[in-house]
Amino acid sequence: MAAQKQLFTPANIGPVTLRNRTIRSAAFEGMGENNNPTRQLKDYHVSVAKGGVGMTTVAYAGICRSALSFKSQLWLRPEIVAPLREMTDEIHSHGAKASIQIGHCGNMTHKSTAGCIPVGASSGFNLYSPTIVRGLRKDEIKEIARYFGEAVKLARDSGFDCVEVHAGHGYLISQFLSPYTNHRHDEYGGSLENRMKFMHECMDEVMKAAESDMGVLVKINMNDGFKSGLQEEDCITVAKNLENTGAHALVLSGGFVSKAPMYVMRGKMPIHTMTHYMDQAWLKYSVRMFGDMMVPSHDFKPLYFLDQARMFREELKMPLVYVGGVTSREDADKILDTEGFEFLQMGRALLNDPDFVNKMEKDGSHKSACEHLNYCIARMYSRDMACFQHQHDLPKGICREMEKIRHRNVKLQ
């Protein structure tokens, strides 16, 4: 008798039971306004819930003012609890669970957004923002850790079932972990054990605030995506430490948004499209001239993080969430039934079609129509995240660039 396929079976993340093994990843929607939720943000996540997903994740909510990178990003504070509760209530009415990703951007912001000189693990200059960065004082480190705990409490008040702590992609916790961004000479710098101290302090606050009724996921890097960053061996050490904190699941990702953004998402960044949506003229022309050097390509293939993720599966006993290039029912079954991961996350497939999960349940050979042209990524930090296939009357320059990337993808297949 054949083993039962796992995709559409219930499973737990800590105290929370999901109806199936699918999670909408915390891909930044860009659908907030003045750091508040909007009807558009609510409608999108409700559409994913209607589409059959086990849990949908609202992306990248800042835990305090200095945590913010964008005006279109949520700032998790008491003033937005009521509209978030409306969102989670409707998500729940369609059978899905709701999670919210909480984090601090560290040096990936500007004074006008963060309300202060951007802070990070160490002082310096972030070429990719670009901005001067001030290293955090010890008292500020303790304060930010407490903000993580307060964010969990606000998430509970807002009706979320889970929180996802962002400890990857070159944001603040990741900036402390990585030798590329942590040059401190105190107990928060130097050895990996020291560099994990801030992460532990944040997780202590998170787990205490989560109590016994909220699920806690943590997004981590399996590799920073470049030689001077964290590599797999150290990332496995980080993962084992998180397992010991009592975290309920790890989301396995990789890359630094400031240095290796396409290592996270794969494919080619459409530079013309990205600059088209930028408002600042100086930034538009700088990126247009040097963008291909600043944002190197990493070829896309289905399940592109699988080889690395297997290493973590071998070393860890806790539930693991696979993310990275799940494009079909076949991919999903492989991740769960063959590779032994407990959950999978998807971003672009659900942006292309919020009903993707329902279609996978009805059709065992269903594949996503996403072409991985990365139009959605090129515009998501300047506008809302949107799929190229859903757009009409776009400028000819954008259409030409999308066609070039389409041909490039075909050649790589």
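**Helix α2**

Modeller: Start with length: helices are DSSP runs of H or I, at least four residues, and strands are runs of E, at least two, numbered from the N terminus. The expected span is 1.5 Å times one less than the number of residues. Helix α2 (residues 81–93) has 13 residues and should span 18 Å at 1.5 Å a residue; its end C-alpha atoms are 18 Å apart, which agrees. This is a predicted model: local features need pLDDT of at least 70, side-chain atom pairs count only at pLDDT 80 or more, and totals for chains, interfaces and linings use all residues. Residues are numbered from 1 along each chain as its sequence is written, and side-chain values use heavy atoms, leaving out hydrogens and water.

Colleague: Which residues of α2 are buried?

Modeller: An α-helix has 3.6 residues a turn, so residues three or four places apart point the same way. In α2, Val-81, Leu-84, Met-87, Thr-88 and Ile-91 are buried (under 20% relative accessible area; exposed is over 50%, partly exposed in between; 1.4 Å probe, protein chains only). Seen down the axis of α2, the buried residues fall within an arc of 120°, so they line one face (the arc uses directions from the helix axis to the C-beta atoms). Ala-82 and Ser-93, on the other side, are exposed.

Colleague: How are the rings of Phe-28 and Phe-70 arranged?

Modeller: Rings of Phe, Tyr and Trp (its six-membered ring) pair if their centres lie within 6.5 Å; planes under 30 degrees apart are stacked, over 60 edge-to-face, the rest tilted. The structure holds 15 aromatic pairs. Phe-28 and Phe-70 have ring centres 5.4 Å apart and planes at 25°, so this pair is stacked.
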